[in-house]
Amino acid sequence: MDAVGEIKRFLLRAMGRLNGIPWPDALLDEAARQAVMPRPLQSEINQAKRELESAGFTQGCRDELDGLLTWTLTEKGRHKARQLG
């Protein structure tokens with residue numbers, strides 16, 4: 001199993017458990033670093049997030065006030081997260 005694929009599956013399952021609550025980008029990165037072994041590179045985490053967003057599973061949104069980026073699942077992402085358990 002490739003690292004990026006494993007990271008994507010982890011991110012989908014983790015965000016699925018948040019029930020729609022946006023997850024800050026930095027916390028999402030740290031969760032992936034702690035959960036996926038061997039510890040992934042930041043470039044692998046970034047690639048996984050880009051691929052999930054471009055495939056329509058996640059949506060990133062930058063806050064207008066503080067500029068922080070948060071992530072949520074789309075309907076397609078929620079469906080896939082439920083499939084993954």
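In what sense do S1 and S3 pair, and over how many bridges? S1 and S3 pair in the antiparallel sense, over two bridges.

## Basis of the description

This is a predicted model, in which local features need a pLDDT of at least 70 and side-chain atom pairs count only at pLDDT 80 or more, while totals for chains, interfaces and linings use all residues. Residues are numbered from 1 along each chain as its sequence is written, and side-chain values use heavy atoms, with hydrogens and water left out.

## Overall fold

The protein contains four helices and three strands, and along the sequence these follow the pattern α-β-α-α-β-β-α. Helices (H or I, at least four residues) and strands (E, at least two) are DSSP runs, numbered from the N terminus.

The radius of gyration, taken over C-alpha atoms, is compared with a globule rule of 2.2 Å times the number of residues to the power 0.38. For 85 residues a compact globule would have a value near 12 Å, and the protein agrees with this because its own value is 12 Å. Of the 85 residues, 32% count as buried, where buried means under 20% relative accessible area, exposed means over 50%, and partly exposed lies in between (1.4 Å probe, protein chains only).

## The sheet

Strands of a sheet pair through backbone hydrogen bonds, either parallel or antiparallel. Here the three strands form an open sheet in the order S1-S3-S2, with antiparallel pairing, and its edge strands are S1 (23-24) and S2, each of which pairs on one side only. Two strands are said to pair if DSSP finds at least two bridges between them.

Strand S2 (residues 58-62) is joined to strand S3 (residues 69-73) by five bridges, and arginine 62 stands opposite leucine 69 in S3. The hairpin of S2 and S3 has six residues between the strands, and in this hairpin glycine 67 takes a positive phi near 75°.

## Two loops with backbone features

Asparagine 19 lies in the loop between helix H1 (3-16) and S1, and its phi is near 55°, a positive value in a residue other than glycine. Asparagine 19 counts as exposed because its relative accessibility is 70%.

Proline 38 has its place in the loop between helix H2 (25-35) and helix H3 (42-54). The peptide bond that joins methionine 37 and proline 38 is cis, with an omega of about -5°.
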